[in-house]
Amino acid sequence: MNVEVQYDDSKSKDDCTEMCNKTADTEPLQKEGNAESEVEPKDSRRLITQILLTAIVTIVTASAGMPIGYSAILLPQLKSMNGSLQVDDEMGSWIVSVHSAASPIGALLSGTLMDYFGRKMTLQLCCIPLIAGWIVIMSSHNHALILVGRILAGTAVGVVAAPCQVYIAEMSDPNLRGMFSSIPFASYSFGILLVYMLGTAANWRMVAGICMVLPAMSMILFCCLPESPAWLVKKGRIEKATRSYHWVNGGSTAKVKREIQQLVTRVENEGAQSKATQRSLWRTFLSSNVLKPFVIVNIFGLFQSLTGVYVIVFYAVMIISTMQNSGLNEFHAATLTAAVRFIAAIAASVLLAFTGRRAIALLSTIGTALSALCLSIFLQTDYSNTYLILSLLIFYVAANTIGLMILPGVLVGELFPLKVRGIAGSLSFTIINLTMFSFAKIFPFMKSLIGIGNCFLFFGVTSIAGSIFLYATLPETKNQTLNDIEDYFMQENLLWITRNRRRRNGASKTQTSKV
């Protein structure tokens, strides 16, 4: 698969480069004597526009969080019903896991959709199957329709994951990218919390109807946002890329010209290199700057599932109800865990602005291991201190949220080079969702076979293994431009701990390029 700038039919490659040079000269900023002045925008103006953009993205990601948490309130209501909609454990596991089985379909589609329609338009389009899924669930009169609705919603959630991370990463300043890229996961958590709260007060059909409001809002609000300049440059739409960059960042005409020209040069170089080597998509993925981040992201995603991050979301009420001697009210405790997850996701967003990715990842895995192992010990004994078990459960949820839940998605937007960012991101979320589906499907049988105490023992052991893997391989990307991160993976080292230390934290601190 050759990667090159796709130019408009009426323009040659030279014409587009010339257009980029002329764009900045059409509106020169004048000072006395017609001298050009590089008047930079106020930081507050740039910050406000990037906050606005991220806030609109979070509405669609909150919409995507609602079907993730919906099964936790749906299953108890269906199990207590009489009639054709009553479910057993087998059907319940399908209702839970089919969402994750459908998400890889959406994740696979998202790469093609991102490259063809753009990041913003893809996020708008994914709202259509999400709304359709809620309509089907709300009107269901048998299990088949519920499964169809869950499949539609799961497909939409799969589409959302990659473009929201890529869009924010390409539109944010390097020093704010980590914080903004993590905020969608806070909104995922808010969506889960919101659906839990609605489920304690309303029938599952009414909850499904209410869940249509947020995706409808996001479809409308996305009309106010520009497309990613990186995608526009890749398509040869230089004038639109210039306007988009200026909308997000402001700045003098000369500064905008430099940034867009840098994007053009980067994409043209990638296209020329790819054309010279005639690389297929498969050979491109085997190159070091693609394969190494791909392996890191997907093994991180594997640990995300095996440490129970999403199991506690899908089966919160059921898990808490089986904690013998805990004395917990499962519905109240499940809502509390959702609230803690939301707060922890917000805390993680703030931490990412000040703390490195590696520190957060290790804090998360070690904290998850300690809390899971302690829960395992107490759940397998006759110890019945309700407050201690609840505290450990809250600590477990908070610990896995700040890193294990959030960082794989953040890294998708940071680690992959521009030439494969769309397809690599979609493939990564496909693999992550397949892992999530598999573990969600087998978890009820795992719990029945070994007991809830040993399940938490398994979560704790895999968290320890995850901390070792991340310590050895995860690169530090804080304050690094996307170009710097791509250059790091061009080095010969396989592990972060064996990297060339003389090259770290080089000139990137002085650069502000997004891509």
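# Briefing: salt bridges, rings and burial in a helical chain

Five salt bridges turn up in a search of the whole structure. The model is predicted. Its protein chain has 22 helices and zero strands. Of the 515 residues in the protein chain, 60% are buried.

**The chain as a whole**

- The protein chain exposes about 20,200 Å². Carbon and sulfur atoms supply 64% of that area.

- Side chains of opposite charge can pair when their charged atoms come close.
- Lys441 forms a salt bridge with Glu90, and the closest N and O atoms are 3.8 Å apart. Lys441 lies in helix H21 and Glu90 in helix H3 (residues 89-117), so this pair ties together parts that are 351 residues apart in sequence.
- The two partners differ in cover. Lys441 has 12% relative accessibility, so this residue counts as buried. Glu90 has a relative accessible area of 37% and is partly exposed.
- Asp115 and Lys234 also meet through their side chains, in a salt bridge of 4.0 Å from N to O. Asp115 belongs to helix H3 and Lys234 to helix H10 (residues 229-234), so the pair ties together parts 119 residues apart in sequence.
- Lys234 is buried, with a relative accessible area of 11%.
- Arg357 and Glu414 form another salt bridge, with the closest N and O atoms 2.6 Å apart. This pair links distant parts of the chain: Arg357 is in helix H18 (residues 357-379) and Glu414 in helix H20 (residues 407-415), 57 residues apart. Both Arg357 and Glu414 are buried.
- Asp115, Arg119, Glu170 and Lys234 are joined into one.

**Aromatic rings**

- A search of the whole structure finds 17 aromatic pairs. One of them is Phe439 with Phe443, a tilted pair at 6.5 Å centre to centre, with 55° between the planes.
- Phe439 and Phe443 both sit in helix H21 (residues 421-473). They are four residues apart, about one turn of the helix. Phe439 is buried, and Phe443 is buried too.
- Tyr488 and Trp496 have ring centres 5.3 Å apart and planes at 65°, so this pair is edge-to-face. An angle over 60 degrees is what that label requires. Tyr488 and Trp496 are both buried.
- One aromatic cluster brings together Tyr396, Phe439, Phe443, Phe456, Phe458 and Phe459.
- A charged side chain also meets a ring. Lys441, the salt-bridge partner of Glu90, lies over the face of Trp94, at 4.6 Å from the ring centre.

- His99 is placed in helix H3. This residue is buried, with a relative accessible area of 2%.
- Leaving out residues up to four places away in sequence, His99 touches Pro67, Ile68, Arg150, Ala153, Gly154 and Val157.
- Val248 is placed in helix H11 (residues 238-249). At 1% relative accessibility, Val248 counts as buried.
- Val248 and Asp173 are 75 residues apart along the chain, and their C-alpha atoms are separated by 9.9 Å.

- Tyr471, Leu494, Leu495 and Ile497 make a nonpolar surface patch of about 390 Å².
- Leu495 lies in the segment after helix H22 (482-488). Its relative accessibility is 31%, so Leu495 counts as partly exposed. Patch residues need over 30% relative accessible area.

Notes
Residues numbered from 1 in each chain as written. Predicted model: local features only at pLDDT ≥ 70, side-chain atom pairs only at ≥ 80, totals over all residues. Heavy atoms only, no water. Patch = residues over 30% accessible without salt bridge, like charges linked within 9 Å, V, L, I, M, F, W, Y side chains within 5 Å. Areas by Shrake-Rupley, 256 points an atom, 1.4 Å probe, with all protein chains shown as cover. Helix = DSSP H or I, 4+ residues; strand = E, 2+ residues; numbered from the N terminus. Buried < 20%, exposed > 50% of the residue type's maximum accessible area, 1.4 Å probe, protein only. Phe/Tyr/Trp six-rings, centres within 6.5 Å; stacked < 30°, edge-to-face > 60°. Lys NZ or Arg CZ within 6 Å of the ring centre and 35° of its normal. Contact = heavy atoms within 4.5 Å.
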